[in-house]
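Hi,

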Amino acid sequence: MSRITPLASAPVLSPSLPSSALPAGLQRGLASSAKSARWRAGLATGCRHAEVFAAAGDASGAGLALALARDALQREEDDQRPWLWVQDKAAMRLSGRPYRPGLPVHLRHRLIHVAAATPEDALFALEEGLRCRDLVFVIGEIAGNPRSLDFTASRRLSLAAEKHGTALWLVRLDARADLGSARMRWRAAAAPSPPPRWNPQAPGKATWSAELFRAHTFQPGHWTLRDDGIELASDPVITTSAPDHGDLVRGSGARSLAAG
Amino acid sequence: MAIWCVDLALDRWRLAEGCARGPEALAAADAAPLALIAETAHGPRIAATNAAAMAQGVRTGVMLADARTLCPALAVRPADPAGDLAFLERLALWAQRWGPWSALDAPDGLVIDTTGTAHLFGGEGALLADARRQFSARGLAARAAIAPTAGAAWALAHYGAHSGPDGAILEGDDPMDRLVALPVAALRLDDDVLLLLRRLGLKRLGDLAGIGREALARRFRNRRSPGANPLVRLDQLLGRVPEPLLPVIGTEMPMVQRRLAEPIRHRELLDRVVADLAADMARLLEGLGQGARRLELASWKVDGEVLVRRLEMAAAARDPAHVCRLFAARLDDLDAGFGIELVRLRAPWTEPLVMGQAELDAAAEQHGTSLAACIDRLTVRLGAEAVRRPLPRASHLPERAQRWAPALEPLPGLQEDFAFHERPLKLLDRPEPIAVIYEAPDGLPRLFRWRGGVHEIARAEGPERIAPEWWRERSTVRLRDYYRIEDSTGRRYWIYRHGLASDGRGGAPEWFLQGLCA
């Protein structure tokens with residue numbers, strides 16, 4: 001099992017290091033500003049702290065965070081450690097609690113849920129979860145812009161995540177994108193799903209319109225992401241024409257079978 | 001088995017003097033009248049007398065001056081009740097050779113639990129004979145008796161007539177057969193109660209048993225203590241109410257020591273020895289699950305002196321570094337003289353101290369905490385109800401299909417989940433009603449309004465009908481038709497219609513939104 005090297009341990013700013021020694025997207029400073037990479041699904045970003053801004057009226061924020069976490073976890077499939085889902089009270093009231101039968105099959109038996117009463121308790125639980133070596137990742141859901149979640153608290157979470165190598169996916173429900181130290185900040189909204197092949201009238205696989213509007217090492221961009229049950233597929237533009245063929249071909253992603 | 005040391009104080013004096021019992025003994029000390037005296041507020045008072053003094057008319061409890069008028073030749077020694085009690089404690093431990101535990105019956109008796117051990121000695125008669133032989137070999141006059149309850153054994157040992165070979169063993173179905181003839185003092189009552197009973201004319205146990213429970217209960221209704229209530233004592237004697245006894249348990253004082261080949265005279269060497277002793281003591285105490293509250297460090301010098309340093313700690317501890325640091329301050333004025341040849345560390349006072357995790361915070365800072373420690377920290381701050389994991393439950397009702405269990409509870413063995421039903425990622429705590437606009441009267445709505453927003457249903461899958469669990473709920477609960485829908489902007493929800501228009505279980509069916517799909 002190969003863990004991704006956290007950003008903090010890579011000497012990214014060392015001038016003696018040839019730029020080809022680093023994967024695209026990990027370069028910072030002058031080298032990255034000239035031609036920084038575009039994010040794509042399945043890329044090992046090494047990002048330990050990401051924020052997803054979403055509306056509270058649908059589950060697109062949590063769904064995208066979970067899909068990104070699974071995407072980052074693709075390379076560690078035999079990891080059977082539990083994961084943590086922290087929600088504060090407002091988030092639970094607005095968008096409900098996780099439902100075990102609806103979770104991905106490989107994750108549903110490993111969930112530990114923390115119902116925090118206040119945002120302060122939620123931040124405490126997030127930090128404790130990041131410090132735990134037996135957790136594979138941590139998902140947080142905090143509604144609004146609480147006073148306690150300021151830049152200092154955000155920085156604390158970033159440092160804890162990068163020190164202990166546990167990834168944090170923080171979902172901000174109905175929140176303003178104020179100061180924060182997350183390495184990648186996404187804005188997620190639900191998008192119309194591709195019609196399933198066998199019942200075109202039914203809702204299809206979960207699809208989101210995701211905008212990466214702030215990242216340390218990637219160019220900002222806009223994608224339509226789809227969780228097809230196996231991996232995260234990304235379309236650079238919104239396409240509604242390509243039909244979903246179900247799970248006929250494993251790993252075909254967004255590619256249509258007819259297109260070759 | 002109850003054992004009464006008839007003459008404990010005097011027997012101890014005889015053992016200390018080394019003289020045998022009785023007037024014909026070769027030691028003249030016991031042949032002369034002798035009394036042990038206790039100092040009281042009104043002067044010396046006789047606490048115990050020997051047979052010669054008894055014959056001269058000296059009784060226990062009288063003032064020494066009065067006794068001297070009766071017997072001018074009376075020799076006196078001071079009594080030692082504390083020593084007697086310590087002796088009795090050691091005797092109680094020694095008496096555990098006849099049974100697994102024993103209790104003190106101060107000031108001069110023992111109670112030993114011999115349940116199930118008599119056959120090891122060849123029966124209860126042989127057990128009693130063995131006890132009498134061992135006590136007489138130790139030079140102690142003792143009366144012993146065996147009975148089903150501690151109270152009955154005590155009564156027999158103190159007041160029973162030891163006529164036959166097994167006269168001190170209470171057998172048979174009705175213990176009162178043998179006990180009716182005993183005086184009421186056999187009930188272990190206080191002196192004022194005994195006086196009261198004597199004035200009432202109740203002298204024997206049979207008298208008490210004859211007048212009926214109600215009369216006794218009414219007469220002694222406000223006496224709570226067993227020693228003041230003859231009815232409680234009578235019930236204890238007959239085994240109708242339990243009588244807890246406090247057993248004597250022998251503990252050993254943890255002790256470690258180092259003999260030194262060469263007498264040491266220098267402080268560094270002594271510190272080294274103390275560190276070794278502290279490590280040994282920590283290992284010893286850890287095995288016992290104890291921590292030291294008081295420590296004694298004694299060092300024997302070559303020239304025949306012993307230097308003792310004592311240490312008391314605020315809480316039970318056994319950390320060697322902590323102990324060394326505390327002792328280092330106390331060893332500064334130690335005069336080694338020609339050298340120290342033996343150092344001994346004892347822990348006279350210990351308290352239970354469970355094994356602790358070493359350097360919890362430092363290790364957590366470096367390598368992260370374990371899952372159990374993380375859960376503990378979360379639980380301590382947020383409460384046990386806040387940190388849970390979802391477990392499946394065999395139910396078709398969506399909100400019942402999962403239950404919340406403690407975070408580290410193992411997964412129960414269950415059948416596989418249904419794989420062909422799509423379920424939402426999140427479920428609202430309680431389904432929220434939605435206002436709908438139908439296209440057809442009993443079909444899927446075209447629009448619905450939830451939390452102030454209007455959602456136009458673009459695609460839907462359903463219905464998936466989930467009937468109520470009739471074996472658990474009332475018959476008027478309505479069924480649910482679930483639809484998985486996607487609105488025109490791509491938001492996916494899980495809504496249901498509660499009931500049918502024609503099911504006769506209420507009015508028009510209502511619509512609810514229960515789940516949010518990813």
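In chain B, three strands form an open sheet with the order 3-2-4 and mixed pairing. Strand 3 (43-49) and strand 4 (75-78) of chain B are its edge strands; each has a single partner strand, so one side of each is left without a neighbour in the sheet. On average, neighbouring strands of this sheet are turned by 45 degrees against each other, direction ignored. Strand 2 (residues 34-40) and strand 3 of chain B are antiparallel partners joined by six bridges, and within this pairing B:A38 sits opposite B:R45 of strand 3 of chain B. Strands here pair if DSSP finds at least two bridges between them. The elements themselves are DSSP runs, numbered from the N terminus: helices are H or I with at least four residues, strands are E with at least two.

Before going further, please keep in mind that this is a predicted model: local features need pLDDT of at least 70, side-chain atom pairs count only at pLDDT 80 or more, and totals for chains, interfaces and linings use all residues. Residues are numbered from 1 along each chain as its sequence is written, while chains are lettered from A and ligands numbered from 1 in the order in which they are written.

**Chain B overall**

Chain B has 16 helices and 19 strands. Among the contacts in chain B with a separation of 6 or more, 52% are between residues 24 or more positions apart. A contact here means that the two C-beta atoms, placed from the backbone, lie within 7 Å.

**Where the two chains meet**

On the chain B side, 45 residues are in contact with 44 residues of chain A. Several elements of chain B give two or more residues to this side, including helix 15 (360-367), strand 12 (387-392), strand 17 (480-487) and strand 19 (510-516). Helix 16 of chain B provides the largest share, six residues. By class, the chain B side divides into 21 nonpolar, nine polar and 15 charged residues. For these classes, Ala, Val, Leu, Ile, Met, Phe, Trp, Tyr, Cys and Pro count as nonpolar, Asp, Glu, Lys and Arg as charged, and the others, Gly among them, as polar.

The axes are lines fitted to C-alpha atoms, for helices over the stretch in contact, and angles run from 0 to 180 degrees between N-to-C directions. Helix 4 of chain A contributes A:D121, A:F124, A:A125, A:E128 and A:G129, and helix 16 of chain B contributes B:C374, B:R377, B:L378, B:R381 and B:L382. This contact has five nonpolar, one polar and four charged residues.

The chains also pair through strands: two bridges join strand 4 (residues 97-98) of chain A to strand 14 of chain B, and the two run antiparallel. There, A:R97 stands opposite B:L427.

**Backbone details to check**

Most residues other than glycine have a negative phi, and most peptide bonds are trans. A few places here are worth a look with that in mind:

- The peptide bond from B:G462 to B:P463 is cis, with omega near -5 degrees; B:P463 belongs to strand 16 of chain B.
- A:D174 is not a glycine, yet has a positive phi of about 50 degrees. The residue lies in the loop between strand 7 (167-173) and strand 8 (184-190) of chain A, and counts as partly exposed because it has 17 C-beta neighbours inside 10 Å.
- B:R188, also not a glycine, has a positive phi of about 60 degrees. Its place is the loop between helix 8 (176-179) and helix 9 (191-200) of chain B, and B:R188 is partly exposed, with 17 other C-beta atoms within 10 Å.

Happy browsing!

Definitions and conventions
A residue is buried if 20 or more other C-beta atoms lie within 10 Å of its own, exposed if 12 or fewer, and partly exposed in between; C-beta atoms are placed from the backbone.
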